[in-house]
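Here are my notes for you to read alongside the model. Keep the viewer open and go through the points in order.

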Amino acid sequence: MSFLTISHLEKSFGVTRVVKDFNLDVEKGEFISLLGPSGCGKTTVLRMVAGFESPSAGNITIEGREVSSLKPNQRNIGMVFQAYALFPNLTVAQNVGFGLRVKGVPAREIAARVEEMLALIGLPELGDRYPFQLSGGQQQRVALARALAPKPQVLLLDEPLSALDAKVRVSLRNEIRAIQRELGITTIFVTHDQEEALSMSDRIVVMHQGVAEQVGSPFEIYNAPATRFVAGFVGTLNTLDAQVLDPATGRVKLGENELTLGRAVPPGEATLGLRPEMLRLGAHPGEAALTGTITELDFLGSVIRLRIDLGGQKLAVDLFNTTRQAPPKVGETVSLALNPADALVIGA
Amino acid sequence: MTRAASWAILLLGITYFVLPLLGMVEFSLSMRRGEYSFDAYAAVLADPQFRQTFSYSVVMALLTIVFGILLVVPTAFWVRLKLPRLRPVVEFVTLLPLVIPAIVTVFGYIRLYNTSSWLPLTGTIFGTNLLLMFGYAMLSLPYMYRAVDTGLRTIDVATLTEAAQSLGAGWVTIIVKLILPNVLVAVLSGSFVTFAIVMGEFTMAALLNRPAFGPYLQLMGANKAYEPFALATIAFIITWACMGLIQLVTRFTKHDKAGR
Ligand SMILES: Nc1ncnc2c1ncn2[C@@H]1O[C@H](COP(=O)(O)OP(=O)(O)O)[C@@H](O)[C@H]1O
Ligand SMILES: [Mg+2]
């Protein structure tokens, strides 16, 4: 049995079903991200695990124990909020020690643990400061230390990086992941930022309108999206309507181009998903070729993004910028190579 | 408006407020013929009844403040946390004491809690004191509730509560260790207003026949010449001291930039 099990979880507010038949098994020490657009129910799932909302149906067990009937303060769960939520009247050290003080841990043990936690988050000097004297990044680190100090069974983070500016966000992302690995703590991380989810997680749950559309490793989610929503939400994806000419070999017609996918596809109409980085300029032996006209060119530094017209259908293509080759020009007709095995055939 | 006109109006206002005060203070100092003295004050302070009623009212004021805090802080917290839609209703209820005259309330009390009622509070001195304290608490409710509610607005009550809960804290811990300290300034200003109200309150104390400072002021005013003015000056100083203290605590507080 998994460390944390969520089965058939449902939540309705009035008549709106916000979470629908949500299932997830989390192994001990795993880092799971709930990824999805704003309003898809991520926070609601997290709040049910924490005990702030009670499920309309379904079960949540931690180490085999059903927790649905437990109050939030009985669950031994650490929580980090987007808005930091540090106690403004307490110093950093008092904030970090709060959970232990509530539990009645002796003062000397609290002091030792607080020192340990402040060292862990790299702020050993700031114990006597008040929250308003810290930067956003520092406050969020203190919030993390505060959540971890009582040694919770599970750590929940609800968009903890969204309020921070870009640079801090990336460095704190790595720091959180490093601390999580070091402590081996089972973690659920909520985010709407696909880059965050892809870079941090062991596994990602992509949510859409209250439903977990796909659960898988970042690699699986990106390279083999199970639904059209997942394909479109994670990464940039060109979706192209194709006509299936031969279902057995996967020969399809794409505008004025034809290509063979080399695997069976359902007959009729198909939707192909092509990542911008799957395509290369020029002809390459053994790969499928598409011909189109460049309509736009964005120079983004390391990457050049082209928009190509494939006879009615638009396609974004990313090329690496090299000094050895002059970039193509708008209006040129170019040949694009594609490994047919890479192309995604997207179902419903 | 011209500068001169503004000054003239300001001066007029100051005169309107300050002149009677000056007159009062001046008169309270003129008990001895031909020179200023503190004789009237000495007479007042030497009066055992003054000391009795004054200390009775101080004790009542402190009890009222404690009761008010115990009543208002958890209530305002709970309303903000769980019943945000009821806030206007609760606010309206807390404003009622400003509209309903104290005399109406106290007659209601006497009818409800007389010796032949189901809860005969007026039957004993302790019960009557208790009743008077509830009355005082009610009178100070508009000020206390608003102060605390405004204080709560400066913190993110819901998220802080959840953060504390996830760390294992129960309701008592949350209110005592988190909510109260964060609204302390508000609670203190509410407390000083309460103190000033209780020290000067007449109607309730008189009708419940308790030896409070307010009825004593009235009694002296009816029977003595200089002493009432000394008393009035003292009462006035107490009120202004309370206001000054409110200003002071508002200014001095180390985490007043409390984040949200
Ligand atoms: N307490 C609530 N009462 C009513 N509706 C709510 C409540 N909390 C969340 N919702 C609704 O549930 C949906 C999911 O919200 P949420 O879980 O916060 O989404 P996310 O965190 O993915 O942005 C939203 O449409 C939101 O309006
Ligand atoms: Mg959310």
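Predicted model: local features only at pLDDT ≥ 70, side-chain atom pairs only at ≥ 80, totals over all residues.

1. Helices here are DSSP runs of H or I with at least four residues, strands are E runs of at least two, and both are numbered from the N terminus. On that rule, chain B has twelve helices and zero strands. Its C-alpha atoms fill a box of roughly 75 × 65 × 35 Å along the principal axes.

2. Residues are numbered from 1 along each chain as its sequence is written, chains are lettered from A and ligands numbered from 1 in the order in which they are written, and side-chain values use heavy atoms, with hydrogens and water left out.

3. On to the interface. Counting contact as heavy atoms within 4.5 Å, chain A brings 23 residues and chain B brings 23 residues. The buried area (accessible area, 1.4 Å probe, lost when two parts are put together, summed over both) comes to about 2100 Å², with 67% of it from carbon and sulfur atoms.

4. How many salt bridges link chain B and chain A? The count is one, taking a side-chain nitrogen of Lys or Arg within 4 Å of a carboxyl oxygen of Asp or Glu. The partners are B:Glu162 and A:Arg47, whose closest N and O atoms are 2.8 Å apart. On the chain B side, α7 (157-166) and α8 (171-182) each supply at least two of the residues touching chain A, and α7(B) gives the largest share, seven residues. That side of chain B splits into nine nonpolar, nine polar and five charged residues (nonpolar: Ala, Val, Leu, Ile, Met, Phe, Trp, Tyr, Cys and Pro; charged: Asp, Glu, Lys and Arg; polar: the others, Gly among them).

5. Now ligand 1. Its shell (residues with a heavy atom within 4 Å) includes A:Phe13, A:Val18 and A:Pro37. Helix α1 (residues 42-50) of chain A gives the largest share of that shell, three residues. By class, the shell holds four nonpolar, five polar and one charged residue.

6. Which distances would I check by eye? A backbone N or O atom of A:Gly39 sits 2.6 Å from an oxygen atom of ligand 1, and a polar side-chain atom of A:Thr43 sits 2.5 Å from a ligand 1 oxygen atom. For A:Cys40, a polar backbone atom is 3.2 Å from an oxygen atom of ligand 1.

Key:
Polar contact = N/O pair within 3.5 Å; in protein donor to acceptor, adjacent residues only side chain to side chain.
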